[in-house]
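Reader: I have not looked at this one before. Can you walk me through a few local features?
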Amino acid sequence: MHRKATLALLAATIALQSAAWSAEPSSSVAPIILAQDTKGTPDERAAQLVRQMTYAEKVSLLSADADQFSTKPIERLGIPSFRMADGPTGVRNGPNGLTTGCAFPCGSALAATWNPDLATAYGKAVGLEARARGVQFQLGPGVNICRVPVNGRNFEYFGEDPFLAAAITANWTKACSDQGVVPTVKHFAANNQELERDYVDAIIDERVLQEIYLPAFKKAVQAGGTVAIMCSYNRVNGHYASNNNYLQNEVLRGMWGFKGMVMSDWGASHSPDDILKGLDLEMPTGENLNNSRFEQAIAAGKMKDAELRAAVDVSVQRLLRTAAAVGWLDAGWKRRDESLPLDSADSHATALAVAREAIVLLKNADNFLPLDRARVRKIVLLGPNATRVANGAPAPAGGGVEGRRALRGGSSAPNVGGGGSSCVTPFSSHDDDGDYYASIKKLAGDKISVTYLPTTASQLASDSALAGQVAEADAVVVVVGFNRGSETESFDRAFDLPAEHVALIRAASKANPHVLVITNGGAGVGIAPWQENAAAIMHAYYLGQAGGIAVAEALFGDLNPSGRLCSTFDAKWEDNPAFPYYPGTNQNGVPTEPYTEGLFYGYRGYDKSGKAPLYPFGYGLSYTTFELSNFKLDKLGADVTVSFDLKNTGRLAGAQVVQLYVGEQGCPLPRPVRELKGFAKIALKPGESAHRQIILHKDAFAYWSPEKKDWTVDAGKSFSIEAAFSERDIKAKADIDM
Ligand code: BGC
């Protein structure tokens, strides 16, 4: 339907509905129209139900049922309860014990693929896993921006750049929605650190919010068709997110036209008037959106009865409209689609496909990798993350599947999920494929001996037999980094690796120079202090249940790494542009985090200061080489078509990510030197070339004008457009006047 017509109809529906707001329905006289028998558009069907509901019934829909993960049913009207389950890395806590599912790679691993088609596959697979388990609201994806590497939840999110994050979000949410499951995009907004997350006040000016911290949410709504958003715990500019009229009403609904519902993060609501500020559903219990809190607020003069009742109607309408739109109110709708497998081969394939493209090769001195199966005879693995062990427990003697099984006791691996509690999916089958040691052994073949040595650095230094085993190896693989105990929600993590991990890398390299270090972490980790001790370095994020296979394939060259960093890796944490302002100060009892660096965080900050990051945004090596040529710009109206050729000039098949950065010259306001505005991942056989075009639309040149309170493009200004293999590896550049 035409947008204007839709709006007119909505206005009429709301007007009709408001006539009924003042009085309780005379349910004794009118025949009941069940949810399944309501007719019309989702808005009309929702309004029909709202008209028939008592005030108490409406209030009951503003918070969760006793299980704390469902809305309440209203059986009298045929309104079922709707079930939620956590994500984003799969379905964590499905109903009826249907908890285990596929453990997908984490969000930043997905972003590091730079492959929106994989985001589609991921969103679809998660949606189907949810539908198979009877889940209506999948609590993900998480789309906050990586501002600081230490944020405990970076691993759930899509990296530092709003354009990349938005591209991944759009496809993820659309594909999940298409399965009849509502992705609940979180955490709105500016939940960019876990330290003091429940109280911290993020002070961010409007332009920075609009340009950096909100675009992924906007894309979820406008391109992904998202109809549920979860607010964050923190405050933004003085108001809790749950009570933030600017975010929830002005931006989300006013500017973006969002018609869905906002639910709180678990315990993120603080006040009954959240409902006036745009919150619709309080999770997990109704501490604030309940009748007695409403009455108290009215008695205290904090809200008016009529405005409260109007807001309650609107919130209930939003929930029911969402339900009607997805089909949950239709006759014959089944909460759980039993025709779908609980253990899905398609999910496993997607988890593997994402893991394969997420590995970022950071260093590869003298082409140490890939290992040649014909020449390598002995591989030794070291490090706590090489085998799957229960939450940070020491690796079992000898490692291996049996030892792990004995230890596992229901928890997942460091390299499987990353992070703890709400974010990690327990896994079912294929669990051994997430294990680096088991997978390397599997792929090595009979002629190569693969051993895991569960040793510490000091044991290695003092035990000559152990040191001898390491020294004899053709390759030593040291797997280190964070895990679900050390990188998770509710606290921020360290930047540097644990001292013991660094000591182990050094001890290994002392015994043998052929060291590959694999790091696990949701974003940047301290690498500079030991970089020289490694011949090769791979950053493996948290690759999910199939991550071991992907890593083993990359080790032997069955797979050519094509992941590119989705956030800048600092040489040291102190170099990070946001470091001086983190973790903020205490202002009258409120932890306050000023985003003083503004737009100049991440690579934008490095470009401004001229400092060098250790590994730039968009960086990643390959086992082959690429050449970009015939770079050309064509202007057609407000659009610019960028065309180029890419050739694989090496001897192996591989993929390169061509990144387009735009920068404005002479903007009246400060702007970053370059910002990502387009990209294409291109797979090529050796010697093969491809011609590609990427269209940059008007919004690629726009910035947020605080004066106009809108996006603007400076007419007559010159813009540089760069094609690059990373933010610091510019291959071609040309200017164009707008
Ligand atoms: C997390 C959310 C999660 C919720 C429910 C909260 O602690 O911040 O991301 O969806 O718990 O488990």
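Reader: Where is N588 found?
Author: N588 is in the loop between β15 (585-587) and β16, where strands are DSSP runs of E of at least two residues and helices are runs of H or I of at least four, numbered from the N terminus. This is a predicted model, where local features need pLDDT of at least 70, side-chain atom pairs count only at pLDDT 80 or more, and totals for chains, interfaces and linings use all residues. Residues are numbered from 1 along each chain as its sequence is written, and side-chain values use heavy atoms, with hydrogens and water left out.

Reader: What is phi of N588 near?
Author: Phi of N588 is near 50 degrees, a positive value in a residue other than glycine. Most residues other than glycine have a negative phi, and most peptide bonds are trans.

Reader: Which residues does a cis peptide bond join?
Author: G87 and P88 are joined by one, with omega about 5 degrees. P88 sits in the loop between β1 (84-86) and α4 (107-112). The bond from M283 to P284 is also cis, its omega near 0 degrees, and P284 is in the loop between β8 (261-263) and α10 (291-299).

Reader: Salt bridges next. How many does the structure hold?
Author: There are 42, counting a side-chain nitrogen of Lys or Arg within 4 Å of a carboxyl oxygen of Asp or Glu. R147 forms one with E593, and their closest N and O atoms are 2.6 Å apart.

Reader: Why does the pair tie together parts that are 446 residues apart in sequence?
Author: Because R147 lies in the loop between β2 (137-139) and α6, while E593 lies in strand β16 (residues 590-594).

Reader: Which residues lie nearest the centre of the largest pocket?
Author: F163, K219, K677, D699 and A700, out of 32 lining residues. A pocket here is an open set of points on a 1 Å grid over the protein atoms alone, with protein on both sides within 12 Å along at least five of seven lines, and lining residues have an atom within 4 Å of a point.

Reader: How much space lies in that largest pocket?
Author: About 940 Å³, the volume being the space filled by probe spheres of 1.4 Å set on the points, which are joined across faces, edges and corners.

Reader: Which elements supply at least two residues of its lining?
Author: α6 (162-177), α7 (206-213), α8 (215-222), β20 (675-684), β21 (689-696) and β23 (710-712) each do.
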